[in-house]
Amino acid sequence: MEIKALIYKAKEAREKAYSPYSNFKVGAAVLMENGEVYTGCNIENASFGATNCAERTAIFKAVSEGARTIKAIALIGSEEEFTYPCGICRQVISEFADEDMKIIIAKNLEEYIVKNLDEILPGPFTKKDLNK
Ligand SMILES: O=c1ccn([C@H]2C[C@H](O)[C@@H](CO)O2)c(=O)[nH]1
Ligand SMILES: [Zn+2]
């Protein structure tokens with residue numbers, strides 16, 4: 001799937017954000033190994049710590065449908081500056097990352113940057129650390 005098409009899906013998902021506390025909308029789209037794309041938005045909660053980020057919403061939808069490996073993930077938050085995944089999402093992304101997974105961080109369909117996992121999460125804690 002083309003990068004712009006994945007960003008477009010993330011942008012559409014951002015419209016669904018439930019963020020009455022921060023008023024900050026984020027959308028994500030994951031392309032999985034089975035060729036399916038799953039989308040997610042951030043979902044906030046009056047108990048702030050119960051908030052779920054857009055990336056994790058998308059990944060958990062994918063995994064709960066049986067998909068396991070992320071080929072690419074697109075993320076769109078602010079249109080003024082690039083919105084990077086938070087630390088918790090970086091860890092969750094690493095659990096399901098394909099070895100050459102791309103992380104696409106977009107302001108819009110024209111302005112985006114592409115990162116590898118190693119660039120945003122060097123030295124991850126993985127199943128290898130648990131001898132799994
Ligand atoms: O990469 C990010 C960064 C933040 N958020 C959400 C969480 C919260 O609802 C709001 C403000 O932190 O943005 C995401 O969904 N993804
Ligand atoms: Zn996050």
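## Helices, sheet and ligand shell

In this predicted model, residues E55, R56, I59 and V63 of helix 2 meet C89, V92, I93 and F96 of helix 3. The residues of this contact divide into six nonpolar, no polar and two charged. Helix 2 covers residues 54-64 and helix 3 covers residues 87-96; the two pack at an angle of about 25°, and their axes are 10 Å apart. Because angles under 35 degrees count as roughly parallel, helix 2 and helix 3 are described as roughly parallel to each other. Their crossing is left-handed.

Five strands form an open sheet with mixed pairing, in the order 2-1-3-4-5. Strand 2 (37-41) and strand 5 (112-115) stand at the edges, and each has a single partner strand, so one side of each lacks a neighbour in the sheet. On average, neighbouring strands of the sheet are turned by 15° against each other, direction ignored.

Two helices are placed against these strands. Helix 1 (residues 3-14) packs on the sheet and touches strand 1 (27-32), strand 2, strand 3 (70-76), strand 4 and strand 5. The direction of helix 1 makes about 135° with that of strand 1. Helix 2 lies across strand 1, strand 2 and strand 3, and runs at about 140° to strand 2.

| Helix | Partner | Angle |
|---|---|---|
| Helix 1 | Strand 1 | about 135° |
| Helix 2 | Helix 3 | about 25° |

Strand 4 (residues 97-106) pairs with strand 5 in the antiparallel sense over four bridges, and a hairpin of five residues joins strand 4 to strand 5. A106 has Y112 in strand 5 as its bridge partner, while I104 stands opposite V114 in strand 5.

The model also contains a ligand. Ligand 1 is surrounded by 15 residues, of which the closest are S22, V26, N42, C53 and A54. The shell around ligand 1 divides into seven nonpolar, six polar and two charged residues.

Conventions
Residues are numbered from 1 along each chain as its sequence is written. Chains are lettered from A and ligands numbered from 1 in the order in which they are written. This is a predicted model: local features need pLDDT of at least 70, side-chain atom pairs count only at pLDDT 80 or more; totals for chains, interfaces and linings use all residues. Two strands pair if DSSP finds at least two bridges between them. Axes are lines fitted to C-alpha atoms, for helices over the stretch in contact, and angles run from 0 to 180 degrees between N-to-C directions. Two residues are in contact if their C-beta atoms, placed from the backbone, lie within 7 Å. Angles under 35 degrees count as roughly parallel, over 145 as roughly antiparallel, 65 to 115 as roughly perpendicular and the rest as oblique. A crossing is left-handed if the near helix is turned anticlockwise from the far one by less than a right angle, and right-handed if clockwise. Ala, Val, Leu, Ile, Met, Phe, Trp, Tyr, Cys and Pro count as nonpolar, Asp, Glu, Lys and Arg as charged, and the others, Gly among them, as polar. A residue is near a molecule or strand if its C-beta atom, placed from the backbone, lies within 6 Å of it.
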